[in-house]
Amino acid sequence: MMQPTHSSRRILLPVSNWFIVLTLFVALLLNLIPFGRLPGIPDWVALVLAFWCVHQPLKVGMAAGFVLGLAMDVADASVMGQHALAYVLLAFAAAGLSRRILWFPLAQQALHVLPMFLGMQVVMMLTRMLGGAEFPGLLWFLSSFTATLFWHPVTYVLLIPQFQSQDKDVNRPI
Amino acid sequence: MSVVGHAPPPFFRRGPAPLVRLVFFVSLSLVLLVADLRFHTLEWVRLAVATAAWPLQRATGMPIDAAGDMGAYLARQAKLLKENEELHRRQLETANLLLRQRHLEKENIRLRALHDMRARQPVEGRIAEILYATRDPFSRRVIIDKGIKHGIKEGQAVVDDIGVIGQVVRVFPLTSEVLLLTDKDQAIPVEVERNGLRAILAGAGAGAMELRFQAANTEVQVGDILVTSGLDGVYLPGLPVAKVVKVDRDSEYSFARITCLPLAGVERHGLVLVLSGRAELPPQPEDVKKPIEPPGRGGRTKKKTR
């Protein structure tokens, strides 16, 4: 009954706009950590953006993806528009599929999200390789898979404020 | 859940349709991509955003720095002792050269004066530290901790204690971006130290470099050291760059495939030296637009035919 899916009977609290902005900002900060070329570091911004696009398609969408993408382009020293394009496409796919995805349990939700992340990376690779960059190696795609593994924990972390009950109970915080 | 389950009645305004928004944002991104890749017109946007984000970036770098410091603190003493011994040995080896350098420089100046050549420009450098490698997996760049404030300019060469590692390509107020030699977009004019053969060395990705456009029978051997030729006016001549590791002379192609590995620790982190720019080279002669016409009749007939 605790499942954050449509098949659950649980009614969640409405989401706070500030919380959405805060989580996206924290994701951006996590992406700024300079891991260099270490493979398998998930793209936190893409993960959180996909989460909000699936859960709140009316509040977070392509405009947010575009702005976050520009920020990532500057932070990564990549070409302007590379992340923006990829995030816009990701937001479109996630928002479009949100009504389908939310009927599934979390593991199957993650399976829906994986092709979106992979597609996003393929878009980035195509735009850069058309511009004459080198192939980054297959290991680079590992970050999509690690991001998918984080779908389950991230769902619970980001829904904590909405899990709280309407009438406050000191003995039962969540 | 707060997701709207059904298509809303038209009186709930939700802005343009998703497809329309998608087309709008995708075309905007494509415009940005083209503007940046083709025309390089977005550097000021990048400068502004990067400057604003600088404190955030440093803050997020802290855990990594702390981990590095911790690792260095816990380094084995044996390793440090060994390194110390190695450094002493190298110092002794180079002492001979260092002691004689002043003498040689003076002699060189005298000889150059005799030859009536321009004195070589004295080199100045600024020590910088590599902060981190950028996350972008498609190019090989590092960020160093000196920028506009410290007098770094675009195009300056960056070397470490062994040889060239790259070139400054973007300057921010407190940091700058160095494009490494192994990047596919980076090319450097070199010459073979053994015989003075001039060539262009370009990055080939995956940490290697390639000596481009050399004929299949070119005079390059495995083990040759390549040094900068200084023809570009950016790098000083004679800086070690790379070593030839493989020469592939396939008769199917007209060019030999020559693979090289950088001598300097291009993909390592540490202290580097940003060399000051060189004095301006004399301007290039203007392109000869028209072929020089031979005097006499030939010239006239050619003009008539035009």
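## Basis of the description

Two residues are taken to be in contact if their C-beta atoms, placed from the backbone, lie within 7 Å. The model is predicted, so that local features need pLDDT of at least 70 and side-chain atom pairs count only at pLDDT 80 or more, while totals for chains, interfaces and linings use all residues. Residues are numbered from 1 along each chain as its sequence is written, and chains are lettered from A in the order in which they are written.

## Contact between chains A and B

Chain A brings 41 residues to the contact and chain B brings 39 residues. On the side of chain A that touches chain B, two or more residues come from each of α1 (17–32), α3 (62–76), α4 (82–101) and α5 (106–130) of chain A, helices being DSSP runs of H or I with at least four residues, and strands runs of E with at least two, numbered from the N terminus. The most is given by α4(A), with nine residues.

## Packing of α3(A) against α4(A)

The axes of α3(A) and α4(A) come within 7 Å and cross at roughly 155°, where axes are lines fitted to C-alpha atoms, for helices over the stretch in contact, and angles run from 0 to 180 degrees between N-to-C directions. That crossing makes α3(A) roughly antiparallel to α4(A), a term for angles over 145 degrees.

## Barrel in chain B

In chain B, a closed barrel of six strands runs β6-β7-β8-β11-β10-β9 with antiparallel pairing, where strands pair if DSSP finds at least two bridges between them. Strands β10 (residues 240–248) and β11 (residues 257–262) of chain B pair in the antiparallel sense over six bridges, and B:Val244 has B:Cys260 in β11(B) as its bridge partner.

Note on methods. Parallel < 35°, antiparallel > 145°, perpendicular 65-115°, else oblique.
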